[in-house]
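Subject: Structure handover and findings

Dear colleague,

Please find the structure below, followed by an account of what was found in it. I would be glad if you could read the two side by side.

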Number of protein chains: 2
Amino acid sequence: MSLRHALLGLLADRPQTGYDLSKRFEQSLSRYAWHASHSHIYPELKKMTADGLVEVVGEGARGSKTYGITERGTAELREWMFTRKDTPVRSEYILRLFLLSALDTGDMRTLIGDVVADGEAGVAELSQVIERIETDARPGEKPPFARLAAEFGLRWHRLQRDWARWAIDELDKVEHQRTTDKNARRTRRRG
Amino acid sequence: MSLRHALLGLLADRPQTGYDLSKRFEQSLSRYAWHASHSHIYPELKKMTADGLVEVVGEGARGSKTYGITERGTAELREWMFTRKDTPVRSEYILRLFLLSALDTGDMRTLIGDVVADGEAGVAELSQVIERIETDARPGEKPPFARLAAEFGLRWHRLQRDWARWAIDELDKVEHQRTTDKNARRTRRRG
DNA sequence: TTCATCATGTAATGAGTTACATGATTTG
DNA sequence: CAAATCATGTAACTCATTACATGATGAA
């Protein structure tokens with residue numbers, strides 16, 4: 001039940017509405033860590049209220065409700081953060097990389113090429129994000145935690161890009177090896 | 001519906017029983033890309049048979065059924081591999097890293113320290129795996145695709161480790177900054 | 001003969017997505 | 001006043017996990 005803990009984590013920062021939380025998933029979490037849509041978030045917040053992990057701390061226009069984390073919620077979050085239960089990862093993106101061998105060499109190269117391009121784009125994007133964070137940051141202020149996540153994203157995209165480049169090199173090597181062998185055999189036969 | 005494609009990808013390599021497939025998830029896929037348990041796999045294989053994506057190519061002892069991928073299955077797999085539908089990633093592990101700011105500085109350091117240790121252990125393990133693959137590989141044979149996945153794993157664990165080390169350095173910097181500021185203020189007041 | 005592993009399944013429950021549905025407020 | 005955005009919710013469906021359940025085969 002990670003949605004619950006993701007919500008607690010976001011609310012630990014500051015009280016927010018379901019709508020706010022939904023946005024924050026879209027903006028950062030859903031790309032690298034966890035996704036949730038509003039239709040899942042709203043009911044969960046209700047359940048969490050019933051369980052005493054969060055509470056409505058204010059109501060605003062358009063029937064909006066601002067939720068805040070409770071003491072119990074904070075305790076529950078901390079407990080979860082330190083409880084290592086090796087949970088399954090899901091990433092279709094990586095799954096594809098693990099299934100590459102199902103493709104023929106041409107398709108494989110095309111797909112890995114796409115990974116290089118994706119990685120490149122990601123690196124460019126995150127570099128900008130980081131630059132923005134750093135110019136906005138004022139010295140002496142509380143450490144910008146968004147910087148940590150952004151750095152993670154940057155390194156992740158670099159990994160993608162560099163691994164894919166390496167993979168193409170490997171395929172080249174193997175193919176070159178084969179060509180060389182074939183020529184060697186041919187020469188031997190001829191000579 | 002990625003389980004379906006994961007199964008197709010594994011069967012593209014060679015025909016296997018549900019049991020075999022279950023093992024392969026446990027061994028490599030579930031750690032980096034996708035998890036599935038047997039109770040999910042067996043019914044899915046049945047559905048896939050009904051849909052003509054796989055077929056029973058042999059029956060063995062203990063009522064075991066060996067499944068093979070069909071032509072339609074191969075086509076479906078290829079189609080899926082090239083169809084980029086940005087799918088949501090789920091990783092509790094990374095989620096925790098994104099929610100770090102919910103912890104106090106002490107807890108934060110402890111948790112990041114754990115990440116360093118995990119990364120270190122992963123690097124050691126994958127290095128061994130790679131060594132084994134490379135000594136087993138015989139030149140001229142078909143390229144060892146497991147090597148690509150293992151390299152990905154290695155780089156992933158390195159990323160974890162190095163990011164975590166960097167993060168601790170950042171926290172140190174911020175804290176040092178604060179101490180310096182505090183001393184400066186104190187000195188100013190005194191002088 | 002006992003234990004580990006092979007081998008497959010179902011049922012109940014929980015988690016998550018997509019589609020449906022509504023309406024207020026702000027900005028241009 | 002129109003469009004975008006804010007804001008919340010429910011219902012039907014699919015996907016996935018946990019628990020339950022059984023039995024064969026091979027190795028020690």
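UniProt, in an unreviewed entry, places the feature "domain: Transcription regulator PadR N-terminal" at residues 7-79 of chain A; UniProt positions are given in the numbering used here, feature names are shortened, and annotations may be inferred rather than shown by experiment. Over residues 7-79 of chain A, the chain is 60% helix and 18% strand, with the end C-alpha atoms 15 Å apart (helices, H or I with at least four residues, and strands, E with at least two, are DSSP runs numbered from the N terminus).

Please keep in mind that this is a predicted model, in which local features need pLDDT of at least 70 and side-chain atom pairs count only at pLDDT 80 or more, while totals for chains, interfaces and linings use all residues. Residues are numbered from 1 along each chain as its sequence is written, chains are lettered from A and ligands numbered from 1 in the order in which they are written, and side-chain values use heavy atoms, with hydrogens and water left out.

Next, the DNA. Around DNA strand C there are 20 residues, of which A:Ser39, B:Tyr19, B:Tyr42, B:Lys65 and B:Arg90 are the closest (near means that a heavy atom of the residue lies within 4 Å of the molecule or strand). Sugar and phosphate make up 66% of the atoms of DNA strand C that come within 4 Å of the protein. The largest share of the surface near DNA strand C, four residues, comes from H3(B).

A side-chain N or O atom of A:Tyr19 is 2.5 Å from a phosphate oxygen of DNA strand D, and a side-chain N or O atom of A:Tyr42 is 2.8 Å from a phosphate oxygen of DNA strand D. Here H3(A) supplies the largest share of the nearby surface, four residues.

B:Arg90 also lies over the face of A:Trp34, at 4.4 Å from the ring centre, while the charged end of A:Arg96 sits over the ring of B:Trp80, 5.5 Å from its centre (NZ of Lys or CZ of Arg must be within 6 Å of the ring centre and within 35 degrees of the ring normal).

Finally, a search of the whole structure finds nine aromatic pairs over all chains (rings of Phe, Tyr and Trp, the last by its six-membered ring, pair if their centres lie within 6.5 Å; planes under 30 degrees apart count as stacked, over 60 as edge-to-face and the rest as tilted). A:Phe98 and B:Tyr32 are stacked, at 6.0 Å centre to centre with 20° between the planes, and this pair crosses from helix H5 (residues 92-98) of chain A to helix H2 (residues 18-32) of chain B. Both A:Phe98 and B:Tyr32 are buried (under 20% relative accessible area, with exposed over 50% and partly exposed in between, for a 1.4 Å probe and protein chains only). The ring centres of A:Phe152 and B:Trp163 are 5.4 Å apart and their planes stand at 85°, so this pair is edge-to-face.

Best regards

Key. Polar contact = N/O pair within 3.5 Å; in protein donor to acceptor, adjacent residues only side chain to side chain.
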